[in-house]
Amino acid sequence: MVCDAPARRPAGRPVMEPAYPDLALAPASPWGPDDEWLECVRVRDETHDVRSFVLRPLQPRCFRYRPGQFITLRLEIEGEVLNRCYTLCSSPTRPDTLTITVKRVPGGRVSNWLHDTLRPGMRVSATGPAGAFCFPPGPVVAPARGQLYLSGGSGITPLMSMSRAWADLGLDADVQFLHAARSPQDIVFADELKLLARALPRWRATVLCETRGAVPGYDGLLGRLSLPLLQAQVPDFLAREVWCCGPAPFMAAVRALLAEAGFEMARYHEESFSFAAPPAGEVPAADAGVPEAAPRRFSITLRSRGERFDCGADETLLGAAQRAGLRWPFSCASGICGTCRTRKHAGEVEMKQGGGLRPREVAQGWVLPCCSWPLSDLELDR
């Protein structure tokens, strides 16, 4: 039977208006490349030096991204604009907010600013999401091959995004998750790792600590990741897909032990936002394999500084500028963070960016020197 009468509200019970009213009216539109401002709505301590920041758009938007991707924050700190990439530890299965988890780094200008300054109600500028360290690559189905997640310190964030997605989707993913930390006090998401193990039948987390720290009664694994330890904890790791994220020494050690074990590295994936040196001698795909006696050289003029330098067709603009002794700010050196951006006034480049520029910025003539090769003489703004 269908009742057309309006529902009655019990006497004395107040009507609760939603805090985010537009969400109750209609599905939110997707996050677009022209949206950039996010509001911090929650700050949560994960460990003594790691905090999570929950962000949402100023107007209702649904974030569409893949587990493991990142956003780039653009912050003005003490009069200087700084760009930093932070992996999303949240899952796209909960699309109304984003969460980044940040470790306080001694001397780190951005991480310390976030810990000391960013509070609920404040706004930050962001671009993205972007990045290729993400799973699944196609339709959202449980992977046919078993997965091995290896993380160190705050490198747990992209793998936590993947794990949260598996749990929300109810998929029977075969995952062995091995996380390394300095001590039990430094284990990020320690409680949630246990909850995920209860929610996912074939998802197993193992924590490895270098020291016992100050936690009484800790009886977990101690030491550093090694091949014998990996063989003991994940006997079938050679047949799995490996996803690794953490400090550079940790990932170097992982690559070394996998190579020693004869692992097929085509099934190895890693993520790092260490500030690397710009790539040298890399040639755009369009020119690869074309024999030349000597690469062509072009003149690069910097309009605002009245300087110029030469750049070969086989080197990036950033690499040539540094070779010429010019100081040029950069961070990721791989077309991701956008720190080195400048506007192009004349000439053509081949640019292979990784998300550091929005489409409208590319259309306006902005380029990233770290991943741009000259195709002619150029006039740049910086």
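Helices and strands are DSSP runs, numbered from the N terminus, and the legends below use these element names for a predicted model.

**Close-up 1. Gln69 and its place in the loop between β4 and β5.** In this predicted model, Gln69 sits in the loop that joins β4 (61–62) to β5 (70–77). With a relative accessible area of 11%, Gln69 is buried, because this value falls under the 20% that sets the limit for a buried residue. A polar atom of the Gln69 side chain lies 2.9 Å from the backbone nitrogen of Arg66. Once neighbours within four places in sequence are set aside, the residues in contact with Gln69 are Thr87, Leu88, Pro129, Ala130, Gly131, Phe133 and Cys134.

**Close-up 2. The largest pocket and its lining.** The largest pocket holds about 1300 Å³ of space. Its lining is made up of 49 residues, of which Lys103, Ser154, Gly155, Gly246 and Pro247 are the closest to the centre of the pocket. The elements that contribute two or more residues to this lining are β6 (80–87), β7 (98–103), α1 (109–117), β10 (175–181) and α5 (248–261). Sorted by class, the residues that line the largest pocket are 23 nonpolar, 16 polar and ten charged.

**Close-up 3. The second largest pocket and its lining.** About 310 Å³ of space is found in the second largest pocket, which is lined by 14 residues, with Ser90, Ser91, Arg94, Arg164 and Glu192 the closest to its centre. At least two residues of this lining come from each of β2 (37–47), α2 (157–169) and α3 (190–199). The lining of the second largest pocket comprises six charged residues, together with four nonpolar and four polar ones.

Close-up 4. A disulfide is a covalent bond between the sulfur atoms of two cysteines. A search of the whole structure finds zero disulfides. Cys371, accordingly, is in no disulfide, and the nearest cysteine sulfur, which belongs to Cys370, is 4.2 Å away; a pair of cysteine sulfur atoms would have to lie within 2.5 Å to count as a disulfide. Cys371 has a relative accessibility of 4% and therefore counts as buried. Cys62 also counts as buried, because its relative accessibility is 18%, and the limit for a buried residue is under 20%.

Definitions and conventions. Residues numbered from 1 in each chain as written. Predicted model: local features only at pLDDT ≥ 70, side-chain atom pairs only at ≥ 80, totals over all residues. Heavy atoms only, no water. Buried < 20%, exposed > 50% of the residue type's maximum accessible area, 1.4 Å probe, protein only. 1 Å grid on protein atoms, 1.4 Å probe; cavity = no way out; pocket = protein on both sides within 12 Å on 5 of 7 lines; lining within 4 Å. Points joined across faces, edges and corners; volume = space filled by probe spheres on them. Helix = DSSP H or I, 4+ residues; strand = E, 2+ residues; numbered from the N terminus. Nonpolar A, V, L, I, M, F, W, Y, C, P; charged D, E, K, R; others polar. Polar contact = N/O pair within 3.5 Å; in protein donor to acceptor, adjacent residues only side chain to side chain. Contact = heavy atoms within 4.5 Å.
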